[in-house]
Structure formats: C-alpha cells, structure tokens
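Hello,

Here is the structure you asked about.

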Amino acid sequence: MPKAWMLGLFHEATPTATAIDHLRGLSISDEQITVLSGMPFRPEIFGRPHYRGRVGRLALLGAFLGLLFGLFLSAGIWLLYPLAQGGQPLVPVPPMLIVLFEATMLGMMWAAFFSLLIENRFPIVKSQLYDPRITEGHIGVLVEADERLSLQVEKLLNANGAHHFQRIIEPERLLEPRRGTWRDAGTDFLSALRGPDPGHRGFWLSVLGIVTLLGIVSMLFAYNLIPFPFPTQMENQVSIAYEQGPRLAAPAAAIPVQGPVLAADQPASEPIPVSPDSLQRGLVLYGVTCIICHGPTGTGSGTLSSFFNPKPADFTSAPIQGLEDDTLFLVVTQGFGLMPSIAENLGVQERWDVINYVRSFKK
Amino acid sequence: MSEPHVSRPIWQRINPQDEHLARQVEHARQEHLLLDPRYPLEMDRGVLDPMSRTGPRYWIFLVIFAGLVAMWGATWTAQMLNGLGITGLKRPVMWALYIVNFVYFIGIGHAGTFISAALRALHVEWRRPISRAAEFLTIFGLATAGMFPIVHLGRAWKFYWLLPYPNERQIWPSYHSPLLWDLTAILTYLSCSALFAYMSLLPDLAMARDHTIGWRHRFYDLLALGWHGTERQWANHETALNVFTYGIIPVMFSVHTIVSWDFAMAIQPGWHSTVFGPYFVIGALFSGVAAVIMVLAIVRATMGLGYFLRREHFDGMGKFLLLLSLSWDYFYFNDVIVPWYGQAPVEKTIFALLTGGRAAPVFYLMLFSNVIVPVALAFKRVRTSIPAIFIVSVFIQIGMYMERFMIVPITLGQNDLPFDWGVYVPYLPETLITIGAFAFVVSLFFISSRFFPLIPVWEVYEGQVMQGLRRIGRAILPERTE
C-alpha cells in the first residue's frame, strides 16, 4: 500500500491541537504525526507524548569519559613517566581535582553536542517535506498515512483551519524494504526523522575516520617517523661547550685567574715610605680592618678564620712576604679569592700604611 | 490581551475599549519586547535585512580595523624574528602587557556566558534578545586571549609542546602547574562556548536558510544541518541546551579562578593572596557586562535593532552592572585590607608605590573608574539612557584594564629583593599588538554581524508566545508562563 506524506500549516496553537486530536479518530497513531514549529512548544500544548531522548544519558557517559581523560592527564602521565618535581607529591590531590573537574565538564558538553547531532540525524541531506513558513511562526503538522486515508486527512486538516496543504505519495515500491540511501532524495522523507539512516551513519563514520587519520599522521611526525626538517631540532643546535676551542681573548681589564697583577688602566700609586707615623697608623688601621680575619699576630688565625678555606694569608710566612708591594696593594684594593675588596674601608694612603705595618710581621 | 476561549495569533493585537486600559496596554507594549509581538516574518526580516546592508561607512571601518589586525600580524612576525628583547620585558617584570591582555580578554568573555547560560537557568526573560551578541563576545574574547600566551612565548612555533601528546622526548606537560590548568580550562571554556553558541544558532540558521537566496542560502543551508523544527529536534535541542547551561556556568567560574591562580600560586608579594579566585571572577563579570553593554549599544544603533533592544534591556544590565561594581569594591577591599593590616615591609612599599609613588595615576584612575563612576548606575535615568550607560561602560573598561595593569607589571616591579626592583615601560611592539587585539575583536564582530543573526529570533518569539497581558482590577499587568 503506497504511503502518503502530508503537511498542513496552521496559524497558531489551538486549531493545531484540535486537528491533531481529530486525527486520532482516523486511527492515525502518535508516531505517524510530527509537529514542525519555529519555536519549542511544550508537548502538552498539542496533546503530544513526551519525547524522552538519549542526549542527557549520553552526556552523562561523556562526563564519565571526560573524568577518565582527566585522570590520565593528572595521574596517568606521572605514573607512566615519573618526574619528581619539588614541593608536590607525584599525584597531588588539589591540582588533580581541578583537572578532573575541567575534563569532566569538557566530556559532558562535547558528548551532549555530538549526541544532539547524532540523535537529530544531523546533517540531514535528504530533502524533507517542509515549508519555509515554519520559521515565520506557522505550525506544521506532518502526517504519514496510507494513501487511501490521505483525502480524509486533507479534509480534516482544512476543516480545522489549515491554510496550506501539501501531499507527496510514494510511488509503487511495495516489496522493497524501506531504506534510504545517500543519493535517494525522491521518497522516504520521514526516515531521517526516526530509524537508522545509512547515509547519516556514513557521514559520522567518515568524520571519525578523518579525525583518526589526522591523529595518526601527526603521531608520525611527533615520533619522527616522518623526519621533518624542523629548524629547531635540539640535536642540531650550535654547541656552546666552553672547554672546546677556540678560546675568546680576555678583555683588556680582566684579571687573570693566577691572581691580581698590576692592571693596565689602574692608576699607579706611589708607596708611602716606612716611618714610625706610618707604622703607627698602620697598626691602628690593621686593628680595625684586618685583625678579624688575619689575627693579631698576622698568622691568619683571626676570629673569622675558621670560616674560610683556604685560611686567610699568614703574613709571617715567606711566600706572602715575598710578594711585591704592588701585588699587596692590588690584593687590598681589588680583593683576592675569598677576601673582599677593602677599597671602600681604606683610602689609598691608608692602604700603604697597612702594607708597611704588614711588612713588619716578617720574621 | 488574551482571552482564554478565543484563539488568535499573538501578533494580532487587540486593544481594550477602555481608554485607561488601552493606554496601559500601549505603554506595556512600548516598554517590553516580549509583550510587543509582531508577525514573525517581520522579525525575521528585521534581523536579516541589516545583515546585507553594508554601506561605505561599514567598509571604511572594516578596512581600518583589519589594517590594525594586520599590524598585529606584522609586529608579531618582527617579534618572532628578533626575540622578546624588543619588548619592554626585563627583570623583574617578566609578565607585562601580553599577560594583562590575556587576563582582560578572558575577563570580558565571562559576561556572555553569564547572560546566555546563568540568566537562562534563572528564567530571566530579558536575556532573550541579548544572549547571542553576548555569547559572540565570549567566543571572540577567548579566541583573542588564547593568542596571547602564544605571543608571549617568543618561539611561538613551539606552542604545541604544551599539549599532552605522546612524543619521542617522553616529556609530558606538568599538571602540577597552574599554567596547564589554565590551558585546560580555557580550551574547555572556548570550545564549549562555541558549541553552545552554535546550538543556539541552529534554529536561526534555519530561519535564515528559509529567507535568503543565492550564496547566503547555500551557506545557511550547510550550517543549519537540515534543521526543520520537529518535536524530536526541539526536545533534543532543549536537553542539550540544558546540559550546556548547567555545565558551562561552573566552568565559567572555574576559568577565571584558574587564571587568577597563575598569579596567586606564585610567592610574589601582592599576588600570593587567597582572595584572588573570587576577586578575579567578579572583576571578569564586571568588565564583561560593561563590554556587552557597549557592543549592544553599537549593534543596536548601527543595525537598526531598536525593536529588539530596548531600554528595559539596558536597564536590566545596568542594575546588574551596579551590583557587580559593588561586589568588585567588596572583593578589592578584601584583597587590600589583609596585607595592609599585616604591614609587612614589602607590602608597605607596594602600597606606597600605589598611593603616592609612580603608580599613583594608574591606581587612582582605576579607583575612580571602578568605584565612583558606576555609582551613576543607581539612577534609572542613567541606566535607561544608552549614551550615558555607554560612557559608564567605557570608564569601567578603562578601570578594569588599569586594575590588571596594576596587578601584573606594577606589582611585579616590587618584589622581596630591592636590588631587583624595576619599572615597566611599554615599548612599541606590545602597544601595537594590544591595539591590534582590540581591533581583532571588533573586526570579528564586524564580520560575524553580517553573517550570523545577532538576535536569537526563536528565543524572542518563544518569549512572546509565553508572555501576555492580564487585567487585574484597573491595571493591565504582564503575565508569564514557562
């Protein structure tokens, strides 16, 4: 028996509801009627059964999958590739809660969106029995019935105030199973609204295939199976190993590692001749500035000497007394090793006084 | 006025005989969009026609803004070739204008979600015509903000190392760090906001498909996915919208909290404060609602949408903005009083810098714009005058930008080590990129306003069907169902 699909347009809700009510009198079941509208009407308005879809449950499933993904990010990564970082345990609870929350919400909402598309069979590519006035506030009643009922349905809809009527009759295809194909746009208008749609399945399978393919291709690059001449591969960096030559020349004012020498642009300083006044001043200044490290007898055993390694210089020893005056002056002025520069404590004349006094430690 | 036993379409008006009642009805229809139904085709055309109207002024402005965006591209290229040294970043101010922009643009994105999701959950009906423009602002703001960590990277081409994928280096991004929580949260928020906006758009894309011809028709036909408005489609749509509504509100709160933790987790004086989470969220809503008001005022004026966007909407948003201003004042006071009371030396120097030092102009401008100016919103005359509320919103944008500038570069310049203190001066590259970012958001709005209907007509129509007028005694009052 050929099927007929009919669409009647109404201006507003009450006559639509009455017409749907009367259609039941023609023993047309609820599944054969669909209401098309430009805004969501509550099912009670037209006396329609509540539609309980799966979007909510699928969103919950998505939330669970998101939770698993979040667990992988916050805990799984660390268990796979442990890298102890200071201050936090390997799987810290508060950051894990944050990541779990975000990933769960991500999974829930993405699942809700994609299940909306799939449950509504989007994208619908086959032509539908439709009228653009649906989006102008008119309400459409779409009925699927046997062909012999179609005239009665038309009379009934018109009697209840439908101002427009359309009918399509399926041609003789009695024995073929009702299955829509990707290219079959002529009949089967309502199969996109309910029931499996191979064309629709094909769309989503190909989307999944493309995404998987992109993932595999990018992994090939990530694991260097397809070597790509990235300009910034770490192993191709310029080597800055300092022990390899050539050594750069030292700048002119640099102090060589062997110790202070008379620096090229240092002003030459005339030593002050040794005199009782100079020695007296040196004694006092030594007692203020130097005694704390070098000790009262100049043997390098001052109060702070135990903190230094190597110990402060022993002025009674031959190597120290063998140093030039200029060398001693530079050591005091610039510092040497652990000894800081004393230049801010002693002026130039005062430094020579101290050096004269230090010479007196010679055994 | 509806009488229960006579059914007629909502757009066929009946005026009561009594003159007093008729005047009330007229006033209610003028004030409230949802009590003023028109024939839906008129509403559809009212939204679709401005989308094809692109006069010379439109093109001139679009070219200017697109030029500024191109300037962003050129400056960024120069920065990628020459390194971040050409910017004003130096010790100790390692985070400066780029991070300020990042926080700012994420902030203005929060209002869109609040208006389209939270107000929907609370059944606040005046959100109906404004939710789409607000949601677009969220998406554009987030997209712009998401570029800034990449700009700030210097070697921007390595940004993909931030993503968790198996690789030969066997290095995974560390979820111990707030920067990674930030990445996850922002990706979640951006993708879910985009999906939410697209789902709300579907019925309007179908409407546009049905009322356009040529390339526009094909474009909307593709995007509408074959939406026909069947019961099943609407029911699933409603469920999905509910999942998103109740899901994206906590995500919105979490996103700016996590952005604030980029700062609060560091032991930097002025940053290491536990109140940063809620403080930043309120600041985001504050600047966001002000931005939405600005966008709606401009869209209403330039696209002739005066039927849809009425004084009641700006009044409602203005009240919300005043509430947010007072909340911001409260949270900022919380942030300030605790370190002030503790009198720690470094905090004292920060306060001295802000109240009397080099940063004083920024600080006082911020206080004036955020605390003093919004007090004007207490007056209905200000809230219902679109130029006045626009000016208040501009001040709030300035104030909130100054607030972020104060938090990021200025506070960073005074840390625990006085020898390490520094003063940040924005150089040309980051200034040009900042201007380009603002131009980017504006350009996106320019372009999207001509491709997508900025008013959700299906939601307005639903609201109009669900609301009516009822006579109680001598008054005609609105009544509402859900």
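**Helix α9 of chain B**

Of the 28 residues of α9(B), 23 are buried, so this helix is largely enclosed by the rest of the structure. Buried means under 20% relative accessible area, exposed over 50%, and partly exposed in between (1.4 Å probe, protein chains only). This is a predicted model: local features need pLDDT of at least 70, side-chain atom pairs count only at pLDDT 80 or more, and totals for chains, interfaces and linings use all residues. Residues are numbered from 1 along each chain as its sequence is written, chains are lettered from A and ligands numbered from 1 in the order written, and side-chain values use heavy atoms, without hydrogens or water.

α9(B) covers residues 276-303 and reaches 39 Å from first C-alpha to last, close to the expected 40 Å. The expected span is 1.5 Å times one less than the number of residues. Helices are DSSP runs (H or I, at least four residues), numbered from the N terminus. Gly304(B) follows α9(B), with a positive phi near 60 degrees.

**Ser115(A)**

Ser115(A) sits in helix α3 (residues 93-119) of chain A. Ser115(A) is buried, at 6% relative accessible area. Its side chain reaches the backbone oxygen of Ala111(A) at 2.7 Å. A polar atom of that side chain also lies 3.1 Å from the backbone oxygen of Ala112(A). Beyond neighbours within four places in sequence, Ser115(A) is in contact (heavy atoms within 4.5 Å) with Val55(A) and Leu58(A).

**Leu223(B)**

Leu223(B) belongs to helix α7 (residues 214-223) of chain B. Leu223(B) is partly exposed, at 22%.

Best wishes

Conventions. Helices (H or I, at least four residues) and strands (E, at least two) are DSSP runs, numbered from the N terminus. A polar contact is a pair of N or O atoms within 3.5 Å; within protein, one must be able to donate a hydrogen and the other to accept it, and residues adjacent in sequence count only if both atoms are side-chain atoms.
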